[in-house]
Amino acid sequence: MDKHAVWKWLILVGLVSFSLCVVSPPFDRRDATGRVVVAGKLRLGLDLKGGTSFTVKIDETRAREEIRERSPELTDEQVDKETARALEGAQERALEVLRNRVDRLGIAEPSLTAGRDNRIIIQLPGIDEQKRREAEESIRSVAFLEFRMVHEKNDDLVRRLFDEDLAPEGYRIDAARGVSVYRRDTAAVRDEAMDEAFRARLGRFQVPDAGYEFMLMKQDSDGAETYRPYFVKKVRELSGQYLKSAAVDYQSLGQPVVRLQFDSKGARKFANITADYAPGGAKNPDPDKARFLAIVLDGTLYSAPYLKEPIYGGRAEISGSFSLREAAFLRNILNSGSLPAPVKVVERRIVDPSLGSDSIRSGVNAGIWGCAAIVALMALYYLIPGLIADMALLLNVILLPLGMILVAGFLGIFSGGSHSGGPMALPVLTLPGIAGIALTISMAVDANVLIFERIREELRQSRGFAAAIRAGYERAFTAILDSNVTTIITAIILFMLGSGPVRGYAVTLTGGLLVSLYTSVVVTRMCFNAVAARSQKPMLLRMLSFFPATKIDFVGKWKAAAAISAVVILGSWGVMTARGVKDPASVFGVDFVGGSAVTLALDGPGEAPGVVALRETLDGAGLRDATIQYLSEKEGGRQSLLVKTSGEGGLIGQSLAEKFPEAGFRVMQQDDVGPQIGSELKRKAGWAMLWSLVAMVAYISWRFEFGFALGAVVALFHDVLVTAGLTHLLGFQMSMTVVAALMTIVGYSVNDTIVIFDRIREDLRLVRGKTFTEICNQSMNETLSRTLLTNALTMICVLSLVVFGGGAIKDFSVAMLIGMITGTYSTVYVATPVVLRWYGSRTPELAPAVKAK
């Protein structure tokens with residue numbers, strides 16, 4: 001009789017009640033008009049809710065260049081110090097400015113969080129294409145307002161350009177109202193080709209000296225856009241840091257302008273500047289010569305008015321050829337505040353809301369079918385113990401929110417951040433997180449199977465009800481503990497080095513494993529004790545048995561297995577390497593090589609255009625390296641188009657929609673990853689895999705011996721190589737989702753290996769008169785039924801992800817399926833033979849197992 005039984009049941013009731021309170025209600029409750037009455041506790045990620053995510057980074061290089069241009073006399077060391085001083089606290093200030101800008105857009109529930117390396121993650125759920133463009137334009141704008149002087153001989157310099165027929169790249173000379181101007185020449189340079197490198201070349205066009213840059217001011221000439229050239233001094237006279245407010249106003253002819261009001265200090269500075277450069281001023285002594293004052297915002301020249309006289313009162317005006325919407329945009333940007341330093345978008349991900357709802361449906365369907373199959377099979381095979389295990393699985397689902405909160409809070413402390421929403425809020429649920437929940441439930445069965453198979457062995461030795469229960473739990477505990485700890489180690493490393501949905505997956509997996517440890521080891525034991533208090537009939541522990549005792553010589557077949565593994569690894573990796581050398585994008589996804597991956601739905605009544613026609617259209621848009629692939633969903637028979645390119649992803653949907661309107665192309669998902677992010681993800685993925693293997697070696701060496709750790713790590717290498725190679729041959733690219741699957745395989749495969757190692761450790765202490773090789777064979781035969789059962793049950797769940805999970809997680813589920821099959825194989829034919837080769841004729845001296853309390 002357990003004297004602490006009452007307290008254990010009370011603790012369980014308290015945990016269940018608390019977890020239900022945390023997650024209730026899970027979703028928003030709305031009234032008949034659609035208005036949210038009660039906010040749901042379950043927060044969905046963008047891949048489930050739809051929306052756009054931007055990752056922006058403070059551009060330290062541009063900040064350094066601006067300091068260098070402003071103070072060319074500084075040494076490199078002084079420039080570095082000035083840059084560090086200018087960027088001190090820049091991330092916090094930039095975060096506040098960007099939050100103000102996003103709030104002005106009227107987007108519901110935006111999320112802005114500070115990341116590592118001066119990065120800011122901006123998530124905007126449920127926005128449409130127009131709102132997304134407004135948001136991106138607002139985010140990209142630095143709102144860096146400058147007042148700079150135009151060259152005193154600007155009129156002569158401009159006249160020479162037109163007299164000598166000199167036009168910058170991408171422009172041509174034309175006449176408007178009898179005045180020479182420039183017009184855009186899109187045949188020479190397309191709009192999408194006007195990148196930073198182009199703007200740098202434009203700024204150097206025919207400049208009189210290095211202290212000036214060539215700039216073009218857009219103006220309206222009889223309804224057409226023309227451009228007037230100016231040579232503008234690089235060093236500013238005044239910045240926008242003294243700006244008090246900005247407002248939209250109208251000129252006498254109704255043209256919108258932006259009125260500026262400086263604070264008192266800025267008003268004095270502006271008055272001094274205009275007084276110095278006005279005719280007869282200290283820096284313009286000629287009473288008949290007026291100077292231009294260029295008003296520049298984010299590197300764009302908006303206006304360059306004459307300074308006819310000093311301007312007092314701290315007022316200025318930005319006038320130009322822009323619409324009311326553009327004027328309002330300038331006003332909002334200026335009023336939101338200027339960013340402390342330039343920023344650049346290094347990553348952008350777009351998910352259509354309809355794709356998010358499809359992802360939820362497919363993920364939930366996969367989880368329901370997988371769990372239903374597991375519950376039914378456990379009840380049919382293990383009977384009453386199976387029903388107890390099913391009850392434990394239900395408790396896993398109920399307690400999972402509590403486990404996720406604890407894990408997210410704990411890991412957030414050590415990773416330098418935390419999940420948003422407060423200390424008792426649920427972490428954001430993502431699609432990989434749903435896969436992690438489904439996988440957690442299936443892996444939770446493993447502990448119950450271990451315990452039940454141990455109880456079955458004790459019953460075969462004619463032990464009584466209570467003795468069989470006690471011995472079964474004690475002997476299974478070490479394998480359960482070691483296998484779960486190793487899987488949790490890989491999940492923690494994945495959290496530390498991963499980001500976004502990968503972190504969400506690590507949180508759900510870790511939280512689920514901790515909960516399953518509690519329910520399988522503690523709660524099910526409480527249930528058996530409760531049954532024993534009423535009746536101890538052995539028939540209550542009766543279970544079906546489909547697996548007779550075996551005496552298979554697994555070790556004797558290791559050479560044939562090694563040959564098969566070598567052929568698979570060398571063949572698949574040979575193909576992958578050859579393709580990767582020729583085209584890295586054919587092996588790695590945009591997560592690792594950078595670029596854009598766009599998934600488009602075909603909503604129109606017309607037929608899908610052919611690949612040749614699509615390629616010609618994309619070539620015409622400047623996307624000559626695009627890869628094109630039609631995809632089809634089994635559910636509903638829907639078709640979609642996947643296009644990957646190293647160019648601008650926004651051009652894909654735009655160009656295809658214009659060329660094939662009858663096809664109804666609509667962007668469902670778009671991932672834009674900069675090359676810097678791609679290289680960082682590759683490095684992080686490599687380190688994650690390396691640190692996982694190091695952690696495995698350390699832990700298994702401590703719990704067993706180094707020879708066993710070596711066998712486990714060689715098996716893990718084998719599993720990763722085989723899974724990555726076969727996944728590539730099946731047409732999947734290496735992405736962060738596949739890396740998450742590989743990391744899970746590392747944990748799951750070593751789980752299976754440790755169960756066999758634990759039995760070998762036990763048999764080495766109990767069996768006499770047999771060689772080490774014979775003991776290894778005996779241990780693998782003794783655990784064969786458990787290996788087949790747990791892998792079959794887990795495979796059912798993964799198969800449900802493959803069949804019902806949809807395309808969004810298909811690469812993850814396929815990689816998991818391959819890895820599980822490979823892991824089962826390597827446990828028997830790779831890990832144990834390596835241990836035998838390491839020890840030779842010696843028999844290892846293993847530490848005693850940990851006892852369950």
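Reader: Which residues have the most contacts inside the largest nonpolar core?
Author: In this predicted model, they are Ile700, Phe708, Phe757, Ile760 and Phe772, and the core has 75 residues. A nonpolar core is a set of buried Ala, Val, Leu, Ile, Met, Phe, Trp, Tyr and Cys residues joined through side-chain atoms within 4.5 Å; buried means under 20% relative accessible area, with a 1.4 Å probe and protein chains only.

Reader: Which helix gives the largest share of this core?
Author: Helix 21 (residues 736-766) does, with 16 residues. Helices are DSSP runs of H or I with at least four residues, strands are E runs of at least two, and both are numbered from the N terminus.

Reader: What does the second core include?
Author: That separate core of 43 residues includes Met378, Tyr382, Leu517 and Cys527.

Reader: What conventions apply to the values?
Author: Residues are numbered from 1 along each chain as its sequence is written, and side-chain values use heavy atoms, leaving out hydrogens and water. Local features need pLDDT of at least 70 and side-chain atom pairs count only at pLDDT 80 or more, while totals for chains, interfaces and linings use all residues.

Reader: What pLDDT does the chain average?
Author: The average is 80, and 85% of the residues score at least 70; pLDDT is the predictor's confidence in each residue, from 0 to 100. Over residues 417-423 it stays under 50, and over residues 849-853 it is below 50.

Reader: Turning to rings, how many aromatic pairs are found?
Author: The whole structure holds 24. Rings of Phe, Tyr and Trp (its six-membered ring) pair if their centres lie within 6.5 Å; planes under 30 degrees apart count as stacked, over 60 as edge-to-face and the rest as tilted. Phenylalanine 147 and phenylalanine 270 form an edge-to-face pair, 5.6 Å centre to centre with 65° between the planes.

Reader: Why does that pair tie together parts apart in sequence?
Author: Because phenylalanine 147 lies in strand 6 (residues 145-149) and phenylalanine 270 in helix 9 (residues 264-277), the pair links parts that are 123 residues apart in sequence.

Reader: Which ring does the charged end of arginine 761 sit over?
Author: That of phenylalanine 704, 4.2 Å from its centre. A charge sits over a ring if NZ of Lys or CZ of Arg is within 6 Å of the ring centre and within 35 degrees of the ring normal.

Methods: Contact means heavy atoms within 4.5 Å. Buried means under 20% relative accessible area, exposed over 50%, partly exposed in between (1.4 Å probe, protein chains only).
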